[in-house]
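Hi everyone, thanks for coming along. I'd like to walk you through one model today, so let me put it on the screen.

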Amino acid sequence: MECDVYGDQLFKNNLGLFSYAGDTFEQGMYKYPFAEAVGKRYLDPNSSNRVWAMVFDIDRPQASMAWDDAMLPEPNWTCQNPENSHAHLGYALAVPVSRSINSLRKPQALMARVEHAMSTALGADPAYGHRFTKNPLHPTWRTFYGRGSGYDFEELRSYLPDHLPLIRNRGEAIGEGRNVLLFTDLRNWAYRARLRFPSLDAWLRGCFEKAQAMNSQFHAPLPLSEVKATAKSVAAWTWDHMSPEKFAAIQARRSAKASVLRQSNKMDLTARMLGASI
């Protein structure tokens with residue numbers, strides 16, 4: 001049954017059995033079972049393989065109304081720091097997006113572009129990692145709940161410019177855009193670099209080192225665990241599919257197709273010339 005207003009229980013229902021959480025960033029964020037995570041001041045509402053919440057960090061007075069100033073829809077929840085009025089705005093997704101390495105890339109790319117456009121409109125902190133948020137369940141924060149149902153991307157897009165930004169520069173990527181760009185850039189590099197590595201161990205190290213270098217170019221780098229997972233997946237796939245033998249076979253097929261196309265074009269040209277001479 002759909003509720004008119006969000007609330008503690010709806011937030012809890014979306015959390016996993018374990019969540020990364022903590023009371024201070026100085027002490028670190030660690031994985032806790034649900035019962036302990038919900039009692040921490042900060043937590044990561046999303047899991048490593050599933051995104052159901054987009055959160056934006058607004059570091060200015062009147063932050064809780066930034067969505068209204070930007071003419072965006074009402075957040076599902078707002079967590080405000082009572083000491084300075086800075087706030088995190090949380091938007092729940094009607095359909096969570098899978099971000100495992102084997103998931104479809106298009107939903108992830110769309111989420112990244114919507115998130116980037118919303119962050120720009122809100123004037124949110126671009127260096128925010130879009131991971132750990134003020135826990136709306138914790139009494140430290142002043143929490144306001146808004147709309148009770150989640151948003152789909154088409155509805156969110158209706159509040160944004162027709163042409164969503166394409167995220168090509170690592171220095172501009174935020175939130176989920178980092179995951180998408182890291183995977184895409186590393187995969188493209190791997191296609192070209194695979195044949196330079198003689199062993200799987202060397203290839204795994206090479207992919208990880210390249211992924212680390214790419215990750216360092218983000219304003220808010222991804223956690224090391226996510227970089228390792230992406231590098232391992234890209235390395236494994238390209239090692240299996242881009243061996244010297246398979247690469248040679250691909251090149252041979254491309255050469256054969258090109259030869260057929262050239263022959264076809266030559267025959268067309270000959271036919272046109274003969275027709276013109278009659």
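**Helices, cores and a few buried residues**

Let's start at helix H7, whose buried residues are Ala202, Trp203, Gly206, Cys207, Ala211, Met214 and Asn215. Buried here means under 20% relative accessible area, with exposed being over 50% and partly exposed in between, using a 1.4 Å probe and protein chains only. Helices (H or I, at least four residues) and strands (E, at least two) are DSSP runs, numbered from the N terminus.

Before going on, a word on the source: this is a predicted model, where local features need pLDDT of at least 70, side-chain atom pairs count only at pLDDT 80 or more, and totals for chains, interfaces and linings use all residues. Residues are numbered from 1 along each chain as its sequence is written, and side-chain values use heavy atoms, with hydrogens and water left out.

Back to H7. What covers its buried residues? The cover includes H6 and helix H8 (224-241). H7 itself runs over residues 200-215, and at 1.5 Å a residue its 16 residues should span 22 Å, which agrees with end C-alpha atoms 22 Å apart. The expected span is 1.5 Å times one less than the number of residues.

H6 is mostly covered, with 13 of its 18 residues buried.

Now look at how H6 meets H4. The two pack at an angle of about 135°, their axes 8 Å apart; axes are lines fitted to C-alpha atoms, for helices over the stretch in contact, and angles run from 0 to 180 degrees between N-to-C directions. H4 and H6 are therefore oblique to each other, since angles under 35 degrees count as roughly parallel, over 145 as roughly antiparallel, 65 to 115 as roughly perpendicular and the rest as oblique. On the H4 side, Arg105, Gln108, Ala109, Met111, Ala112 and Glu115 meet Glu176, Gly177, Asn179, Val180 and Phe183 of H6. Contact means heavy atoms within 4.5 Å.

Is Glu176 buried or exposed? At 7% relative accessibility, Glu176 counts as buried. Leaving aside neighbours within four places in sequence, Glu176 is in contact with Val51, Arg99, Met111, Ala112 and Glu115.

On to the cores. A nonpolar core is a set of buried Ala, Val, Leu, Ile, Met, Phe, Trp, Tyr and Cys residues joined through side-chain atoms within 4.5 Å. The largest one has 25 residues, and Tyr91, Met118 and Leu122 have the most contacts inside it. At least two residues of this core come from each of strand S4 (50-58), helix H3 (66-69), strand S6 (87-98), helix H4 (105-122) and helix H5 (153-157). Another core, of 23 residues, lies apart from it, and includes Ala173, Ala190, Trp203 and Phe218.

Lys40 sits between helix H2 (34-37) and strand S3 (42-43), and counts as buried at 18% relative accessibility. Leu15 lies in the loop between helix H1 (8-14) and strand S1 (18-22), and at 10% relative accessibility Leu15 counts as buried.

Overall, the protein has nine helices and eight strands, and buried residues make up 44% of its 278 residues. Happy to take comments!
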